2 protein chains.
Amino acid sequence: MVVDPVPRPASAGAADRDAPVRQRSLRTHNLGLVLRQVAACPHPVSRADVAAATGLTKATVSTLVDELLAGALLVEVDPAPRSGAGRPAVGLRLAPHGPAGLGLEVNVDYLAACVVDLTGSVRHHRVDSADLRGRPPAQVLADLTDLAVATVAAAAADDLRIAGATVAVPGLVADGVVRLAPNLEWHEVAVRSMLGEALTRAGLAAVGASVIVENEANLAALGELGAWAEADPGAERASFLYISGEIGVGAGIVLGGRLFRGARGFGGELGHVTIRPDGPRCRCGARGCLEAYANQEAMLRAAGLDRSADDAVARLATQAAAGAPAALAAVAEAGTALGVAAASVVNLIDVDTVVLGGIYAPLAEWLIGPVGREISDRVLTAQWAPVTVRASVLGPSATVVGAAGSVVRTIRDAPAAWLTGGP
Amino acid sequence: MVVDPVPRPASAGAADRDAPVRQRSLRTHNLGLVLRQVAACPHPVSRADVAAATGLTKATVSTLVDELLAGALLVEVDPAPRSGAGRPAVGLRLAPHGPAGLGLEVNVDYLAACVVDLTGSVRHHRVDSADLRGRPPAQVLADLTDLAVATVAAAAADDLRIAGATVAVPGLVADGVVRLAPNLEWHEVAVRSMLGEALTRAGLAAVGASVIVENEANLAALGELGAWAEADPGAERASFLYISGEIGVGAGIVLGGRLFRGARGFGGELGHVTIRPDGPRCRCGARGCLEAYANQEAMLRAAGLDRSADDAVARLATQAAAGAPAALAAVAEAGTALGVAAASVVNLIDVDTVVLGGIYAPLAEWLIGPVGREISDRVLTAQWAPVTVRASVLGPSATVVGAAGSVVRTIRDAPAAWLTGGP
């Protein structure tokens, strides 16, 4: 499973364009090219295969492969028997040992940690349940550090070295600071520096120095992308809207296989797209936001279900499956609101797929119809550019798996930086 | 005035990433780097200045500059007297003669043509008024060809060679075909091939082979970007939503100085973002679209003004300026709807500026308030990432100037392609 790194701002491409290309950056570029070529093949490939696929000379490929072998990014495997003349070539594949990514997650009712190796496989995954609402951030991050330390130790026992850590939080993030995480009651919490220092004190200085903080819906979208790409390498460049239903309603937008965060990094706030300008009051203070129509609380209230029960969403799905009118009406109403908002996203961003994640995944059977109907009614271009609505393929682990995978993708995108600067 | 080229799809960057870098592409990259460095300075610069600014060696810069001089992209100018030792260096600047861009525009009530030279200056600009609703597309494109021929001849008399043409249409465009232009009553019109053949028959084969077809709001947004960049080079990387009010409501989204068209090229359909799911019927068939609340017809009807008068919008502005309650209420209602839709765009794409163009520009005095109010009420991140609402700086010429400028920007982005393949 391979996922996208935390993205660069929209203008980064233009900045690259204005950098001079010299011999050093040529090597940097081509190292990545060779590594990704090996990664793109489901079976081991030879140096000659890589040369043929990339257009580089065999001599150049050999030099670059030697660097990638020395850095534990590639391994050689036994040559496969081959038809035709000449001795069989040595195969290359991504190293299953060596650098790996650590994903961490703070959610409202659990902490999680996950390790993904360079091949994209999940190697370790731990979840600690706990009600974290209103707990002091320093305490939460201390517990997360303990979980990280145990996970890194388990990874080390498997010969995996953690190349970096990405932590998912359910809130607005900028520059490593959680500006606002309403369900945790966090305001202006400097997660990157606090967690980085805690990891350093716990003996993980290199990991602590690498911490990236990211919104959970963005990372869940990357987790979904990685799961698709694992099943079909062509999906690595997919474009979709991932809707993450939880206590709030979040979204991650992926364009061409890259996370799209808008001009300043705060994009994707689907939960606050207006459904009706004079609708019910949202927690954000505005009226008629999607979140006020389609979050967990709104659905459970409309269905007449106890909102405090741990398994409330599962009960809503059970009632809908049994044909209970109140449950079906509640889910249909949420689906219509989700469809109105998704249609606006498609009108503006023209994605071809809408993914229902989080609590919407187990309810997808009853949501896909109304969401799709609103999109086909409201998207001007739907007749030329159809849109698919589907349930997410990953469960609740999408977020933490996406977080770990984002570290791995950073190495795969820029192996030269890892070879020279890795911990 | 320098504007963005018609953009590549979102995944193009990833495709570039997987191309090998060899000596040839190194030269290609560095030619662009040198040309843009000269373009970025308001005064002539020396070869040594370019070397210092780009990090390339003086010898490399000299070789590249010679190529750009030979291709008529740069010119040498008299050395400025210089303090310090040594003889003054020869200055370099963009060539005011040589390659230039041709912009063409089909609107509902006029045709237009425009030539922009490599420095970004508008050199020719012609507008022919005519009611084009319901006229056969072939007739309209024949008239546009006549206008193009006359404009190219005028440019040739000024020693300008047309490097390519971009044509703006008020509709949905894909692959050179206008899928739908409701106000022209065009459906599936192959504008690129029809206009290309007409230009070729008229003796402009090279221009005919270069035709690009683009939505008018997208090109108006690029025209606006170019006007900003002319006033302030730092604005070349601006991000904004440009709202184009006409018979319909269009939009162009610019991110980091590049047009953003979404995953499949149909993005930016602001006019069909939902304001109220059960609102008035829109021409597109859906209910409650922005266009049904805020287009020209909706405002004039609400103000009780004659919708058929040529100067109806000017009269609406006059009445608003005079404090007429019906006019003020009509504009405020449109402004509220525009603000609800713009807030959804900011929540999703996080642009920092909203530009009111087309018929909204002369009404901006009364629109900016309600648009800004809805944005600050409805955008979750407005307190960390403020949003400015302003009138467009260009008049109705934004579209055709943007179209011509997009050709010039293509050359400035990739001069090597022009040097080897120019007409």
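Begin by selecting Asp350(B) and Arg264(A), whose side chains form a salt bridge with N and O 3.3 Å apart. The model on display is a predicted one.

**The interface of chain B and chain A**

Keep both chains in view and select the residues of the contact: 70 come from chain B and 70 from chain A. Across this interface, 32 residue pairs are in polar contact, with both residues at pLDDT 80 or more. On the side of chain B that touches chain A, colour the elements that give two or more residues: helices H1 (12-17), H2 (23-40), H12 (325-349), H13 (364-378) and H14 (398-413), together with strands S8 (177-181), S12 (249-255) and S13 (258-260). If the residues on this side of chain B are coloured by type, they divide into 32 nonpolar, 21 charged and 17 polar.

The size of an interface is often given as the accessible area lost when the parts come together. For chain B and chain A the buried area is about 6100 Å², and 57% of it lies on carbon and sulfur atoms.

**The rotation axis**

Next, turn the view to compare the two chains. Chain B is superposed on chain A by a rotation of 180° with 0.0 Å of shift along the axis, at an RMSD of 0.0 Å. The two copies are thus related as by a two-fold rotation axis. To find the axis from the side of chain B, select Arg276(B), the residue of that chain that comes closest to it, with its C-alpha at 2.7 Å. Of the interface residues of chain B, 100% are also interface residues in chain A, so the copies meet through the same surface.

**His272(B)**

Move on to His272(B), in the loop between S13 and helix H9 (290-294) of chain B. Is this residue buried or exposed? His272(B) counts as buried, because its relative accessibility is 5%, under the 20% cut-off. Leaving aside residues up to four places away in sequence, His272(B) touches Asn347(A), Arg378(A) and Leu380(A) from chain A, and Cys282(B), Cys284(B), Cys289(B) and Glu291(B) from chain B.

**Two loop residues of chain A with positive phi**

Select Asp159(A), in the loop between helix H5 (137-157) and strand S6 (160-169) of chain A. Its phi is positive, about 65°, although Asp159(A) is not a glycine. Asp159(A) counts as exposed, at 56% relative accessibility.

Then select Asp350(A), in the loop between helix H12 (325-349) and strand S14 (353-358) of chain A. Asp350(A) is likewise not a glycine and has a positive phi, of about 60°.

**Salt bridges within the chains**

The last part of the tour concerns pairs inside each chain. Side chains of opposite charge can pair when their charged atoms come close. Over all chains, a search of the whole structure finds 32 salt bridges.

Select Glu76(A) and Arg47(A), whose side chains meet in a salt bridge of 2.8 Å, N to O. Glu76(A) belongs to strand S1 (residues 74-77) and Arg47(A) to helix H3 (residues 47-54) of chain A, so the pair ties together parts that are 29 residues apart in sequence. Glu76(A) counts as partly exposed, at 44% relative accessibility.

Asp117(A) is buried, with a relative accessible area of 2%, whereas Arg123(A) counts as partly exposed at 26%.

Now cross to chain B and select Glu214(B) and Arg261(B), joined by a salt bridge in which the closest N and O atoms are 2.9 Å apart. Glu214(B) lies in strand S10 (residues 212-215) and Arg261(B) in the loop between S13 and H9 of chain B, so this pair ties together parts that are 47 residues apart in sequence. Glu214(B) counts as buried at 1% relative accessibility, and Arg261(B) as partly exposed at 21%.

To finish, return to chain A and select Arg47(A), Asp66(A) and Glu76(A), which salt bridges with shared partners join into one network.

Terms used. Residues are numbered from 1 along each chain as its sequence is written. Chains are lettered from A and ligands numbered from 1 in the order in which they are written. Side-chain values use heavy atoms; hydrogens and water are left out. Contact means heavy atoms within 4.5 Å. Buried area is the accessible area (1.4 Å probe) that two parts lose on being put together, summed over both. A salt bridge is a side-chain nitrogen of Lys or Arg within 4 Å of a carboxyl oxygen of Asp or Glu. A polar contact is a pair of N or O atoms within 3.5 Å; within protein, one must be able to donate a hydrogen and the other to accept it, and residues adjacent in sequence count only if both atoms are side-chain atoms. Helices (H or I, at least four residues) and strands (E, at least two) are DSSP runs, numbered from the N terminus. Ala, Val, Leu, Ile, Met, Phe, Trp, Tyr, Cys and Pro count as nonpolar, Asp, Glu, Lys and Arg as charged, and the others, Gly among them, as polar. Copies are superposed by least squares on the C-alpha atoms of residues with pLDDT of at least 70 in both. Buried means under 20% relative accessible area, exposed over 50%, partly exposed in between (1.4 Å probe, protein chains only).
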